[in-house]
Amino acid sequence: MSKRILVLPGDGIGPEIVTEACKVLERLKSLTGLAIEMEQGLLGGAAVDATGVPLPEETLAQAKAADAILLGAVGGPKWDALDPAIRPEKGLLGIRSQLDLFGNLRPAILYPQLAAASTLKPEVVAGLDILIVRELTGGIYFGQPRGVRTLENGERQGYNTYVYAESEIRRIARVAFESARKRNKKVCSVDKANVLEVTVLWREVVEEVAKEYPDVELSHMYVDNAAMQLVRDPKQFDVIVTGNMFGDILSDAAAMLTGSIGMLPSASLDEQGKGMYEPCHGSAPDIAGQGVANPLATILSAAMMLRYSLGEEAAAQRIEVAVSRVLDQGLRTADIQSANTRRVSTSEMGDAVAAALE
Ligand code: IPM
Ligand code: MG
């Protein structure tokens, strides 16, 4: 039976990059008989425009019925002035939370061909291969109470709540330790335990879980130091595990180590391994519609989807090899261009990866 993939293009460059990932999947399907069926749905600003809400019931039902979800990006200035409750980003947070996609894997790998595209010195980033495991359905992103209230003196005050229950910490820690076992067996847990009680608990629970993984080396780091170490000596890390907001910030920093945020894929998994796959970058409204966006993060997200949710490891590798070949050929979108490379458009990049599958 074919596996069902729900494709959510979203906003900004979302539709352009998702088109290229689907092109690659379609080619793979015709080459290998890969049993997948793709259908489209609405999320984010596109859904607001069509239905008035960023996560329509129908999309949620489609997502629940699908075996995996491939997402572009959501948001843009057009919807910035909306009530926060129906902003496009709420659609993304809503689908993550409704499907319980708590485990967010963000691998930052430097393709050797892109060493010159990184803003860091080649020797600092050469061979970089780290995995950020970000908790995705808790922490300050979802904590209650939250809002903007008016104080007695008439001044407005904004507030959010940073909370983690033990069970939430435990399950994301397990994802990190299990991932480390398949890699270099090191986990660095990032917190702010010198200031925030919630992360004192985080540290304690991660240490408890670590006892089940004596073969994995655990270290702890405060988030400010981790931000510095990521740009000072990123290769000291193997797996980084952290909460929702710190993971959001650190993964953007890690992305630049790889040359461009346009290269970073992600997987967001539930307890059973069902997942949503999306590039780590946003909807980049400033370059939307120009055909210049880099589709590789989305194409690589499709590879992660084949690997983690569809059990198609060989197909996943085939895409990853194709991406590497295209980089070998010197093809580059604007964000990863350097001397002696050939600049290509979004769709030319997709065409090249599809062709390199053969
Ligand atoms: C990400 C994005 C999202 C997040 C936004 C668009 C809500 O920055 O996936 O990293 O903060 O999680
Ligand atoms: Mg982010």
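Ala, Val, Leu, Ile, Met, Phe, Trp, Tyr, Cys and Pro count as nonpolar, Asp, Glu, Lys and Arg as charged, and the others, Gly among them, as polar. By these classes, the shell around ligand 1 holds 2 nonpolar, no polar and 5 charged residues.

This is a predicted model, where local features need pLDDT of at least 70, side-chain atom pairs count only at pLDDT 80 or more, and totals for chains, interfaces and linings use all residues. Residues are numbered from 1 along each chain as its sequence is written, ligands are numbered from 1 in the order in which they are written, and side-chain values use heavy atoms, without hydrogens and water.

Glu89, Leu92, Arg96, Arg106, Arg134, Tyr141 and Asp248 surround ligand 1 (each has a heavy atom within 4 Å of it). Helix α4, residues 88-98, gives the largest share of this shell, 3 residues (helices are DSSP runs of H or I, at least four residues; strands are runs of E, at least two). Domain 1 (1-105 + 271-358) and domain 2 (129-257) both supply shell residues, so ligand 1 lies between them. The domain bounds come from an automatic or database domain assignment.

| Side chain | Distance to an oxygen atom of ligand 1 |
|---|---|
| Arg106 | 2.8 Å |
| Arg134 | 2.8 Å |
| Tyr141 | 2.6 Å |

Taken alone, ligand 1 exposes 320 Å², and the protein buries 78% of that (Shrake-Rupley method, 1.4 Å probe).

Two backbone features sit in loops. Gln144 and Pro145 are joined by a cis peptide bond, with omega about 0°. Pro145 is in the loop between β5 (129-135) and β6 (147-150). Asp100, a residue other than glycine, has a positive phi near 60°. Asp100 lies in the loop between α4 and β4 (103-109).

Notes:
A polar contact is a pair of N or O atoms within 3.5 Å; within protein, one must be able to donate a hydrogen and the other to accept it, and residues adjacent in sequence count only if both atoms are side-chain atoms.
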